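Hi,

Here is the structure I said I would pass on. Have a look at it first, and my notes on what turned up follow below.

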Amino acid sequence: MVENIKPGRKPRIGVLMPAGKVVEGKGVVTHTFGAPQRATELFTNIGDCFVYDSSLRILDYAELYPIYGQSSGGLSEEQIEKINTLDYIFLRGSNYINTNGQWDEITAVLEKTKVPVMAFGIGVQVPDNSDDYVNESTKRFLQLVADRSKTIGVRGALSRKALNSIGIKNVRIFGCPTAFRHCKPELHLPRIKASEIKNLGFTLRRKTHGFAMLQRYMLRTLAENYRTEILCAGELEEKAIFYARSNLVDNPRQVMEKAVSSLIKEKWLYGENDPLLDLYRSSLSVFETVSDFEDAECRQDAVTGFRLHGNLLALANEVPALYITYDTRTREFVKTLGIPHVDGRYIDRFSFEEAWDSADFGMFEKTYAERFKDLTKFLDENGMAHRLGKNPTPNLSKAA
């Protein structure tokens, strides 16, 4: 845990593997913010930016030092010296417990330091029924994190089980920082019947293996009943269609044709006359900043869809959201936070209206309040100064 910080001094902190970048007055934005042409060529998952942005809103600090891993080609002695001046480093919440991690380089760097390393809401990503959670590189890295912190903060019970399997027992479950980004000990969601919904946000995750037909069906039928906005988290073809439609790229017609052709080839679109394409042309939104995504969700009466963090951002803003779960990550997530959901594996004769009207948002509110306490314990026991419980939440740009 963090030690030897004099009273009144805010800590100097580092972040491992940040997502996007911090821009004054905007908060966290994608690496393609302000560059639509480049955005059509580079995949960016703005959901990772939600987690990073939310972490920075929760933590209280004087200085932030980003530390990149494998893609940087290693760290210089000067950078290592800088890390040693920090009070602690945190690892942004993501699916870092898996069998494909390549952490040898960053682990070797950290082994040259003594700085505490905190895992801030990490989770496991494995196929159904797998007991194979990590490779040797990930195991070595996570054991270093466990040795350098009082507890590791994880997304849910499956993530704890995965860490327990490699001998790591100092684990605390609280979910994801995105849920707590407004630092409120309680959330209160409006109760709205499906028949009362006018504006509906749909969080798109097109590359969801085995659920393409279901997702297409939902988009089409929901758009027939509600004023639906498709909220894109970073898919390349969707970004190309959006920026071409907005004339923000060179040769917009060619960009549009290429993207549509790719989606037809993938069989996401059933030809150029597919009504889903009309929906894309009228109701698809793309975001390069967390705050813009958040504003869009706050304009909705309700949110549903397949994006883990997209739905959570809505709930964090007290906009009711119904999850469609489709893998171990999403199922672990809704269980940890008591989030209303429909298990995509068992959808047959599906009625969105019935699912929505039976959703128990009271359970989410109750569970959120308990997890808020768990998060507070995690931060306190690790000596991480924070803003939880303070109102209003400080502006990110002033904190960074």
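Let's start with the cysteines. The sulfur of Cys298 is too far from any partner for a bond, because the closest cysteine sulfur, in Cys183, is 16 Å away. Bear in mind that this is a predicted model. Cys298 is partly exposed, at a relative accessible area of 42%. Cys49 is buried, since its relative accessible area is 3% and the cut-off for buried is under 20%.

Now the charged pairs. Side chains of opposite charge can pair when their charged atoms come close. How many salt bridges does the whole structure hold? A search finds 23. Here are some I looked at in detail.

Arg206 pairs with Glu238, and the closest N and O atoms are 2.7 Å apart. This one links distant parts of the chain: Arg206 sits in the loop between β9 (199-204) and α7 (212-225), while Glu238 is in helix α8, 32 residues apart. Are the two partners buried or exposed? Arg206 is buried at 3% relative accessible area, and Glu238 is buried at 0%. Salt bridges with shared partners tie Arg206, Lys207, Glu237, Glu238 and Glu266 into one network.

Glu237, a member of that network, lies in helix α8 (residues 236-245). Its relative accessibility is 17%, so Glu237 counts as buried too. If you set aside neighbours within four places in sequence, Glu237 is in contact with Arg206, Ala259, Ser262 and Leu263.

Arg172 forms a salt bridge with Glu381, with 2.8 Å between the closest N and O atoms. That pair spans 209 residues, from strand β8 (residues 171-173), where Arg172 is, to helix α15 (residues 361-381), where Glu381 is. Arg172 is partly exposed, at 23% relative accessibility.

Arg140 and Asp104 make another salt bridge, with the closest N and O atoms 4.0 Å apart. It links helix α5 (residues 136-147), which holds Arg140, to helix α4 (residues 104-110), which holds Asp104, and the two residues are 36 apart in the chain. Both ends are partly exposed: Arg140 has a relative accessible area of 33% and Asp104 one of 39%.

The largest pocket has a volume of about 780 Å³. It is lined by 39 residues, and the closest to its centre are Phe43, Thr44, Asn45, Ile46 and Asp48. Helices α2 (46-58), α8 and α12 (308-316) each supply at least two residues of that lining, and α2 gives the most, with five. By class, the lining of the largest pocket has 15 nonpolar, 14 polar and ten charged residues.

The second largest pocket comes in at about 310 Å³. Among its 18 lining residues, Ala157, Leu158, Thr328, Arg331 and Glu332 are the closest to the centre. Two or more residues of this lining come from each of α6 (157-164) and α13 (328-337). Which element gives the most to it? That is α13, with five residues. The lining of the second largest pocket divides into six nonpolar, four polar and eight charged residues.

Cheers

Note on methods:
Residues are numbered from 1 along each chain as its sequence is written. This is a predicted model: local features need pLDDT of at least 70, side-chain atom pairs count only at pLDDT 80 or more; totals for chains, interfaces and linings use all residues. Side-chain values use heavy atoms; hydrogens and water are left out. Helices (H or I, at least four residues) and strands (E, at least two) are DSSP runs, numbered from the N terminus. Buried means under 20% relative accessible area, exposed over 50%, partly exposed in between (1.4 Å probe, protein chains only). Contact means heavy atoms within 4.5 Å. A disulfide is a pair of cysteine sulfur atoms within 2.5 Å. A salt bridge is a side-chain nitrogen of Lys or Arg within 4 Å of a carboxyl oxygen of Asp or Glu. On a 1 Å grid over the protein atoms alone, a cavity is a set of points where a 1.4 Å probe fits but cannot get out, and a pocket is an open set with protein on both sides within 12 Å along at least five of seven lines; lining residues have an atom within 4 Å of a point. Grid points are joined across faces, edges and corners, and a volume is the space filled by probe spheres set on the points. Ala, Val, Leu, Ile, Met, Phe, Trp, Tyr, Cys and Pro count as nonpolar, Asp, Glu, Lys and Arg as charged, and the others, Gly among them, as polar.
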